[in-house]
Amino acid sequence: MMEDWKVEVSQAALGIRRQVLDYTVRNGGGYLSQACSSAELFALLYLRIMNIGPSEAPMVPEPFLGVPGPKNLNYRTGAAYNGPIAPDLDRFILSPSHYALVHYATLVEVGRMSAEGLAMFNQDGQSVEMIAAEHSPGSEVMGGSLGQALSQASGIAFARRLKGDTGRVWVFMSDGEFQEGQTWEAIEVMSFQNLDNIGIYVDVNGQQVDGRMEDVMRIEPLASRLEAFGARTFSVDGHDLDALAEPATLDPDGRPLVVLAYTDPCRGIPLLEERRPMLHYVRFKSEDERQMYANTLAGWQKGVH
Amino acid sequence: MEMVANAHERTFVEWAKDKPEVLVLSADLTSSVEIRLFKQTYPERFISMGLTEQHMMSFAAGLAREGYYPFLHTFAVFLYRRPYDQLAMSVAYANLPVRLVGFLPGITTPGGASHQAIDDIGVVRMLPNMTIVEAGDASEVEQIIGVAHQVDGPVYIRQLRGEVPRLFDPSERMALGRARHLSTGTDITLLSSGICTEEAMRATAVLKSRGVGIEHLHVSTLKPFDDPAVTEAVASANRGVITMENHSVVGGLGSAVADLIAENGLGSHLRKIGLRDTFAHGASRPYLMKHYGLDATALVREVEQAIGEPLGITADDLASARLDAVHSLAKAEAL
């Protein structure tokens, strides 16, 4: 029989896919393949891996309160959804901000945001933005320009080590970010600094906007490249909960931890296979196609997975 | 004129001694940007980042979020041009107190176009939340860090190194957002910044002796640009306004003054001295200042244009220009 935590994580992962599919059907498009690839990873991070406290943010997100600046004293990041900032608690940094829809769906599944919040997604005047900014629920830094969040997270991790914090910094990345030079600068520096209070989970779904990564710009062999840069690297099946969770339980050994979660961007929604290789943003081409996805969703809602 | 060597190196170490939250990040130019003494004195607060300027910028944002004050030290071009997106999104957007200490402003290096920050003020000025300050002499080099540190947000510091002249009495403190009043007159209002102020001071003395009244203000805060004394001086000029800067005439001090004139409906005729929308090449500072028309002689010619008559001032009438060894021990010009 499946252990309780795995039942809980699996159900949350299904819930994440269901919410994102529901949004996609209602709006004629969405970041659906990202939900399929990373649902287990997000659910596992929040329910099993990260040591974080309860949300300190309103269940229904506040509207957009302005960008940071000297004239905006109301400004706050979305970090409060990940609980208090405390020396012994972990932090979560979302790097590819276009995964925001999946992240918001996760916050709903794990009880940190109401479903009403997800309905605010990409609505004018709301903080639940399509590409998350740092004021968006669950976000702490500006990550929309790919490759920058890992560097910011490593600065946070370095500062926390200086302060003697025991909490770790967890970063969610996408594999496309390993095409950016800055990512390699970050790995190189973390390795040089023996920064081991940072853990990076990468959704290696092999997809980018222009299609399959291997046709656009190859990053493999990613594990050996990372190892050559000094990272402690694990390659796992991104839908296997035991395999995903295990590296996070290891004692730090002086190296930054990178878990390459190899995932299927069509997992759970076989219909998506027909759209390969263009999976980055699902926009229905016809009402018939939309209806097919609606039927999948209806089947799920009847309890047929 | 008193020449001061390595003022930043000394004063920064002293200033930082009781500030454990001040960290220095260096991108492999530790000696070249006068931070070696800091590294020796406070090794635990010195972070070697290697040639990772893009990462360094975002990393600094992470440090600042945790309550530290990172002071990034490298050549100016590597603080705004190469990591512009990182500066904009990781640092400026979040309004974090990251201090960018950029050296080799404008044509103060024989390193050529790759090392000359000729467009930094224009580029950084466009970024919301950024403050920009520039040192014009040794006294300002000694005080600029303290001035910048008053800002609860990111600051771009346009810094001088090596042998720097002392133009201003150290007791007349550099102040954020306040220009320094250097001479009085009603014909021309002259606004200068950085190393151009030294050239301007040389020319204004001679111009005064020829009966031309110059209202001269030295500008050290390029953004925000809202000093009422500057607006007042611009409004009071009878024969026009001249700006003089070690930067492109596009986007820098001259453009800020143009905005000011237009937004206040002052209608003043503006003449801009600076790099005339061109990259430069590598050579000594005196050569480049003469070649690109950033020196005292260039200012005299603009004043003659503004008042519509020749003044008969020759190069010999102007105090002799600075001549520094290109490869001095103080690294005044070399890399």
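A salt bridge here is a side-chain nitrogen of Lys or Arg within 4 Å of a carboxyl oxygen of Asp or Glu. Between chain A and chain B the count is three salt bridges. The model is predicted. Over all chains, the same rule gives 34 salt bridges. Chain A and chain B bury about 2300 Å² between them. Chain A holds an open sheet of five strands, and chain B an open sheet of seven strands.

**Interface: extent and make-up**

- The size of an interface is often given as the accessible area lost when the parts come together.
- For chain A and chain B that area is about 2300 Å², with 55% of it on carbon and sulfur atoms.
- In chain A, the residues that lose the most area to chain B are A:Met142, A:Gln148 and A:Glu185. Together they account for 21% of what that side buries.
- The contact draws on 32 residues of chain A and 25 residues of chain B.

**Interface: polar pairs and salt bridges**

- Across the interface, 14 residue pairs are in polar contact, both residues being at pLDDT 80 or more.
- On the side of chain A that touches chain B, α5 (148-163) and α6 (181-192) each supply at least two residues.
- Helix α5(A) gives the largest share of that side, eleven residues.
- By residue class, the side of chain A that touches chain B divides into 14 nonpolar, eleven polar and seven charged.
- B:Glu66 forms a salt bridge with A:Arg91, at 2.5 Å from N to O.
- B:Glu66 also meets the side chain of A:Lys163 in a salt bridge, at 2.9 Å from N to O.
- A:Lys163 lies in helix α5 of chain A, while B:Glu66 sits in the loop between α3 and β4 of chain B, so the pair joins two chains.

**Chain A: the five-stranded sheet**

- The strand order is β2-β3-β4-β8-β7, and the pairing is parallel.
- At the edges stand β2 (91-94) and β7 (232-237) of chain A, each pairing on one side only.
- From one strand to the next, the twist averages 20 degrees.
- Strands β4 (residues 198-204) and β8 (residues 257-262) of chain A run parallel and are joined by six bridges.
- Within that pairing, A:Gly199 has A:Leu257 of β8(A) as its bridge partner.
- Helix α5(A) packs on the sheet and touches β2, β3 (169-174) and β4 of chain A. The direction of α5(A) makes about 170 degrees with that of β3(A).

**Chain B: the seven-stranded sheet**

- The strand order is β3-β2-β4-β5-β7-β6-β12, with mixed pairing.
- β3 (46-48) and β12 (221-223) of chain B are the edges; each has a single partner strand, so one side of each is left without a neighbour in the sheet.
- Neighbouring strands of this sheet are turned by 20 degrees against each other on average, direction ignored.
- Strands β6 (residues 131-134) and β7 (residues 155-158) of chain B run parallel, with four bridges between them.
- B:Ile132 stands opposite B:Tyr156 in β7(B).
- Helix α1 (residues 7-15) of chain B packs on the sheet, touching β2 (22-26), β4 (69-75) and β5 (99-103) of chain B. The direction of α1 makes about 170 degrees with that of β4(B).
- Helix α3 (residues 53-65) of chain B also packs on the sheet, touching β2, β3, β4 and β5 of chain B. For α3 the angle with the direction of β4(B) is about 160 degrees.

**Backbone features**

- A cis peptide bond joins A:Glu220 and A:Pro221, with omega about 5 degrees. A:Pro221 lies in the loop between α7 (213-216) and α8 (222-228) of chain A.
- Another cis peptide bond joins A:Arg276 and A:Pro277, with omega about 5 degrees. A:Pro277 is in the loop between β8 and β9 (282-283) of chain A.
- B:Asp28, a residue other than glycine, has a positive phi, near 70 degrees. B:Asp28 lies in the loop between β2 and α2 (36-41) of chain B.

Definitions and conventions. Residues are numbered from 1 along each chain as its sequence is written. Chains are lettered from A and ligands numbered from 1 in the order in which they are written. Side-chain values use heavy atoms; hydrogens and water are left out. Contact means heavy atoms within 4.5 Å. Buried area is the accessible area (1.4 Å probe) that two parts lose on being put together, summed over both. A polar contact is a pair of N or O atoms within 3.5 Å; within protein, one must be able to donate a hydrogen and the other to accept it, and residues adjacent in sequence count only if both atoms are side-chain atoms. Ala, Val, Leu, Ile, Met, Phe, Trp, Tyr, Cys and Pro count as nonpolar, Asp, Glu, Lys and Arg as charged, and the others, Gly among them, as polar. Two strands pair if DSSP finds at least two bridges between them. Axes are lines fitted to C-alpha atoms, for helices over the stretch in contact, and angles run from 0 to 180 degrees between N-to-C directions.
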